[in-house]
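Subject: Structure handover

Hello,

Here is the structure I said I would pass on. Please open it first and keep it in view while you read the notes that follow.

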Amino acid sequence: MGVPMADLPTVTGERPGRLSRLLRPLAFMSLPTAVLVLLFLAPMGILVYFSFQFGDLTGSTGFTLTNFTDILSDPLYREIALTTFQIATIAMIAQLIVGIPLAYVLAYKAGRFELPLLLALVLADELNPMVRIYAWRMLLGREGLINEALMSIGLIDVPIDALLFNKFSVIVVLSTSYLTYTVIPIYASMKAVDAGLFEAARDMGAGWFTTFRRVLLPLIAPGIFIALLLVYVPLFTDFAAPTLVGGTTGYMLGNVVSDLVLENGNLNAGAAMSFLMLLAAGLFSLVAYQLSRIKQGAK
Amino acid sequence: MKPGRRPALPGLSAPLVAFVLTVALAACGGSSGSTDVAPAPSDPDSPASGTLRVFAYEDSVTPEMMDPFQEQNPDLEIKTATFDSNSEAAAKLAGGFEADVVEICLDEAEPLLRRNLIRPLDTSGVTDWKNLAFNDSEGVRQDGGVIMVPLSAGPHGVIVNTEAVDREITSYADIFEPEFDGRAALEGDYALPPIAVSALVKGIEDPMNMDEGQLAEVSEFMKENRDHFRSLWRSDSDLVNLFKSGEVVISDGNSGQAKRMKEADLPVEWIAPDEGTLSWVCGFGITSRADNLDAAYRLINWQASAKAQAIRGSNGYVVTNPAAMPLISEADRATADPSSLTDAIPETYPPLYDQWVRAFETFQASS
């Protein structure tokens, strides 16, 4: 039944002017923008500034590109970058291999346990990183739980040393340290996918792998992209895991920056290294974004 | 940074915070002060007043160390701040951070010296100067002037698990013996200790002043032995954990660490190695922009006094004032005794330190 125009409540007051309409959102944005500039862009600007400065122990400074040329032309840093790339990539792949099925179970199979499981996953991440790493040392160590268990059931006679203090243990620790940040975005993107699509795919004769590859994967590509941003990039800068479980072999780019700044006091070289890593991360993010669009069928 | 002095391994964000802070402070700039000898107070016994700003490692300015000094000088306002390395201290002081007294360690002092952030002391103002160990060591005197008053030391020898190793250990070279493959550790929190230890094992008697050829030789030796080591330890707790968990049975380390392990019922022994015992040496100096020189000398005299030194001795450090020995408990006396360091090799800032850092990076990164 229609309502006569005369009965509709009238809006009192004048329409805001054009200037007011423009300024209001700006006013809302001003505080967050100021915070962003002060706490994020300003330090970033300082970092970039210092990366283009030379500095020595006498305190003299000036513009230079040598921080970058030194790093880029140094075979040692290339070797460390390659090691870091290997470790970070394997750790990321391991997390996706574990994270995607875990997200799937959470999103579609957990039922009433969905929320408790999700909470458990988040709580696991709240554990102090140092405690978590030392816990891994207790698990993987020579007299650790895994070796003790294997020996007690007679599978091995002597402890396996290769479980700890090498690249393998760094990968294990890194893979588990960031798992929450891998699972959550993928889980969130899965929640937006209608489960009926899987049924439709099955009705059309698709097996589970085809359903995963042709239906699920393209639809959760944005979630995987977010996970890569949140996890893969920080993996390159991590230094706690390689320091504590890497033994003499897990030296990564994060350790280089830490040593340059904290041990050598070379802020400029540390800033240049960080800036280069930032650029690489930006480049990687662009590529990952494009790939996720392709998977989705970019509009 | 000094083992036994440094905090546990910094958290994930610590380097970033340190970086941002030091960068921000360095960006602020600061005025230069005086590099003339700081005149000694006319009456060193009269209580100080005004404000005294102390910038030091955390364990040098604990309430246990500072409260008695405050009681002696009730009209003095004492402000303390701490750092984790002299590089950090230099960056902050150069950036305008104000302090009268700064703690200086011989192996890390270079950034402070090169930026003219400290001024020489008049030793006539330091009551116990003539009795202090290391008062004539390389590094304590720079260009004829005394830059710091040595207050504590940490001999760096060999720690061995006596239950797991049934033969006599006498030298750093024992750490590198094949029988300890995969069961040995080496300090790895910064370049100086592992390279100096390796140099001594290679028979280089003056490791701090190695030439390029010697350094290359040591670097190669370290690379050859990289897989021999189970891990590199980065803090006291890290080292204790490695012994406790059975991962290592032998390592380099200092006597204070061994003492703490024994207190935790670990069967370890600390050995002064045949090659000579490396030792860090730290003390207090006066900054070039110090305002309250009288109070600065008063604090240095307190820290060098037998009473304050006894407190350091009970904390596991070697004291520099022998007069403190009778005040130290029987249990701590052996560790604290400065005579144990008569032939020690003080860890000083190596002239080729950049190349040392490079060699250590190569050691850690080589595949």
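B:Gly276 is partly exposed, because 17 other C-beta atoms lie within 10 Å. This is a predicted model, so please read everything below as computed from predicted coordinates. B:Gly276 sits in the loop that runs between strand S11 (268–271) and strand S12 (278–287) of chain B. Leaving aside residues up to four places away in sequence, B:Gly276 touches B:Leu200, B:Asp343 and B:Ile345. B:Ser314 is 38 residues from B:Gly276 along the chain, and 25 Å separate the two C-alpha atoms.

Two other loop residues of chain B

What is the phi of B:Asn116? The value is near 55°, which is positive, and the residue is not a glycine. B:Asn116 belongs to the loop between helix H4 (110–114) and strand S4 (118–119) of chain B. B:Asn116 has 15 C-beta neighbours inside 10 Å and therefore counts as partly exposed.

B:Asp143 also has a positive phi, of about 50°, although B:Asp143 is not a glycine. You will find B:Asp143 in the loop between strand S5 (141–142) and strand S6 (145–146) of chain B. Is B:Asp143 buried or exposed? B:Asp143 is exposed, because 7 other C-beta atoms lie within 10 Å, and a residue with 12 or fewer is put in that class.

Helix H3 of chain B

Helix H3 of chain B covers residues 86–94, and B:Glu88 lies in this helix. B:Glu88 counts as buried because there are 21 C-beta neighbours inside 10 Å; the cut-off for buried is 20 or more. The rest of the helix can be read in the same way. H3(B) is mostly covered, with nine of its nine residues buried. Among them are B:Asn86, B:Ser87, B:Lys92 and B:Leu93, as well as B:Ala89, B:Ala90, B:Ala91 and B:Ala94. Just after H3(B) comes B:Gly96, which takes a positive phi of about 115°. B:Glu88 and B:Ile195 are 107 residues apart along the chain, and their C-alpha atoms are separated by 22 Å.

The domains of chain B

How is chain B divided? Domain 1 is made of 33–153 + 279–339, and domain 2 of 154–278 + 351–365. The contact between them takes eight residues from domain 1 of chain B and 10 residues from domain 2 of chain B. On the side of domain 1 of chain B that touches domain 2 of chain B, there are four nonpolar, three polar and one charged residues. Taken over C-alpha atoms, the centres of domain 1 of chain B and domain 2 of chain B are 29 Å apart.

Two helix pairs

Two packed helices are described by the angle between their axes and the distance between the axes. One pair is in chain B and another is in chain A.

In chain B, helix H6 (residues 212–224) and helix H12 (residues 353–365) have axes that come within 9 Å and cross at roughly 20°. H6(B) and H12(B) are therefore roughly parallel to each other, since angles under 35 degrees count that way. The crossing of H6(B) past H12(B) is right-handed. From H6(B), the residues that meet the other helix are B:Glu212, B:Leu215, B:Ser219, B:Met222 and B:Lys223; from H12(B) they are B:Gln355, B:Trp356, B:Ala359, B:Thr362 and B:Phe363. Sorted by class, this contact of H6(B) with H12(B) has five nonpolar, three polar and two charged residues.

In chain A, helix H3 (residues 75–109) packs with helix H7 (residues 167–177) at an angle of about 45°, and the axes are 9 Å apart. H3(A) and H7(A) are therefore oblique to each other. Their crossing is right-handed. On the H3(A) side the contact involves A:Ile87, A:Ile90, A:Ala91, A:Ala94 and A:Gln95, which meet A:Lys167, A:Val170, A:Ile171, A:Leu174 and A:Ser175 in H7(A). The residues of this contact of H3(A) with H7(A) divide into seven nonpolar, two polar and one charged.

A residue in helix H6 of chain A

Last, A:Met151 is found in helix H6 (residues 145–152) of chain A. With 15 C-beta neighbours inside 10 Å, A:Met151 counts as partly exposed. Not counting residues up to four places away in sequence, A:Met151 touches A:Ile156 and A:Pro159.

Regards

Note on methods: Residues numbered from 1 in each chain as written. Chains lettered and ligands numbered in written order. Predicted model: local features only at pLDDT ≥ 70, side-chain atom pairs only at ≥ 80, totals over all residues. Domains from an automatic or database assignment. Contact = placed C-beta atoms within 7 Å. Nonpolar A, V, L, I, M, F, W, Y, C, P; charged D, E, K, R; others polar. Axes fitted to C-alpha atoms, helices over the stretch in contact; angles between N-to-C directions. Helix = DSSP H or I, 4+ residues; strand = E, 2+ residues; numbered from the N terminus. Parallel < 35°, antiparallel > 145°, perpendicular 65-115°, else oblique. Left-handed = near helix turned anticlockwise from the far one by under 90°.
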